[in-house]
Amino acid sequence: MDRETTGTIFNIQRFSLHDGPGIRDLVFLKGCPLRCAWCANPESQRSRPELSYRRSSCVGCRACVAACPRGAVRAGEDGGVQIDRALCGGCFACARACCSHALSAIGEEVSARELVRRIMGQHLSWRAHSGVTLSGGEPLCQPEFAAAVLRLLHGEGTTTALETCGCAPFEAIELVAPHCDLIHFDLKLMDPELHRRYTGADNREILDNLRRLSRRFPHIPLIVRTPLIPGVNDSVENLSATAQFLRRLPSLRDYELLPYHNFGEGKYRQLGREYPLAGLERPDKAAVRARNDALRRIIFSG
């Protein structure tokens, strides 16, 4: 059955240091129900493979223009090319013709067994003391695939972790969680209207899932994280409400504030989209750490 379980991924990142204990392999799955304004991986949002164009790598050979059967790729005035995303049919003939890899297909379908074979094919000594983390996107958008991959990894003696925004039916969580040694759960905003404004979805299901996850699987360590976005969710009111909510979770092991960064801004351009938070400055990391320590004291103070 696992051999026939397939899913869509877009990257395997080796030697990850911030996505679980030790040095890990981080697997990114396609598809996400949220559209966070600060998203660092916009290429993960859509479930199907999509076309990326890196202008800095383009040599202006125009092979892609000739290869496109729909005329969606055209010569640009700056010496590069322009892509009509509405006209593009997603055949990726342009990417296959591109000699400089300026055009590329983001995402590929792979079986659970093939993915695990790729991961375990790297016989690296550090993995004996660490493991593999599924991220995205949102892995719970592909629950059968995620569960199959994690189950196979456990069969290889590898520890597993999941990164989730929690926006999924609880049945998906029940399918995947038993195969996790650790779960990272993002909690972005407590106010439902603000959550909808900045992520495109209400947070009621997310909050309910977080409560149910902690009670249904109390033996699985749970780390909740909040990406701290200046002017969006860094208010005293939001962080205080977050801390009070987390105090009631029995399996909570830690809470982390993640300082905002704009690493995803260039990816938006490559996908032909506008970055919603252009110009937003990053917060001071030392100040974020101090706030994080203060919130931890509230959450874990008996």
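Reader: Which residues does Thr226 touch, not counting residues up to four places away in sequence?
Author: Before the answer, please note that this is a predicted model, in which local features need pLDDT of at least 70, side-chain atom pairs count only at pLDDT 80 or more, and totals for chains, interfaces and linings use all residues. Residues are numbered from 1 along each chain as its sequence is written, and side-chain values use heavy atoms, with hydrogens and water left out. Taking contact to mean heavy atoms within 4.5 Å, the residues that Thr226 touches are Leu187, Lys188, Asn233, Thr242, Tyr255, Glu256, Leu257 and Leu258.

Reader: Is Thr226 buried or exposed?
Author: Thr226 has its place in strand E11, where strands (E, at least two residues) and helices (H or I, at least four) are DSSP runs numbered from the N terminus. A residue is called buried under 20% relative accessible area, exposed over 50% and partly exposed in between, with a 1.4 Å probe and protein chains only. With a relative accessible area of 1%, Thr226 is buried.

Reader: Which residues of helix H8 are buried, and where on the helix do they lie?
Author: Helix H8 covers residues 236-246, and its buried residues are Asn238, Leu239, Thr242, Ala243, Phe245 and Leu246. Seen down the axis of H8, these buried residues fall within an arc of 165° (the arc of the directions from the helix axis to the C-beta atoms), so they line one face of the helix.

Reader: What do the buried residues of H8 pack against?
Author: The face of H8 turned away from its buried side carries the exposed residues Val236 and Glu237. The buried residues of H8, for their part, pack against helix H7 (204-216), E11, E12 and H10.

Reader: Which element gives the largest share of the lining of the largest pocket?
Author: On a 1 Å grid over the protein atoms alone, a pocket is an open set of points with protein on both sides within 12 Å along at least five of seven lines, a cavity is a set where a 1.4 Å probe fits but cannot get out, and lining residues have an atom within 4 Å of a point. The largest pocket holds about 1500 Å³ of space, a volume being the space filled by probe spheres set on the points, which are joined across faces, edges and corners. Its lining has 49 residues, of which Asp19, Ala40, Arg225, Leu258 and His261 lie nearest the centre. The largest share of that lining, 6 residues, comes from H10.

Reader: Which residue joins its side chain to that of Glu50 by a polar contact?
Author: Glu50 lies in strand E3 (residues 50-53) and, at 10% relative accessibility, counts as buried. Glu50 is also one of the residues that line the second largest pocket, whose volume is about 320 Å³. A polar contact is a pair of N or O atoms within 3.5 Å, where within protein one must be able to donate a hydrogen and the other to accept it, and residues adjacent in sequence count only if both atoms are side-chain atoms. Here a polar contact of 2.8 Å joins the side chain of Glu50 to that of Lys30.

Reader: How much space lies in the largest cavity?
Author: The structure holds 1 cavity of 30 Å³ or more. The largest cavity is lined by 13 residues, of which Cys58, Cys61, Cys64, Cys98 and Ser100 lie nearest its centre. The space in the largest cavity is about 80 Å³.
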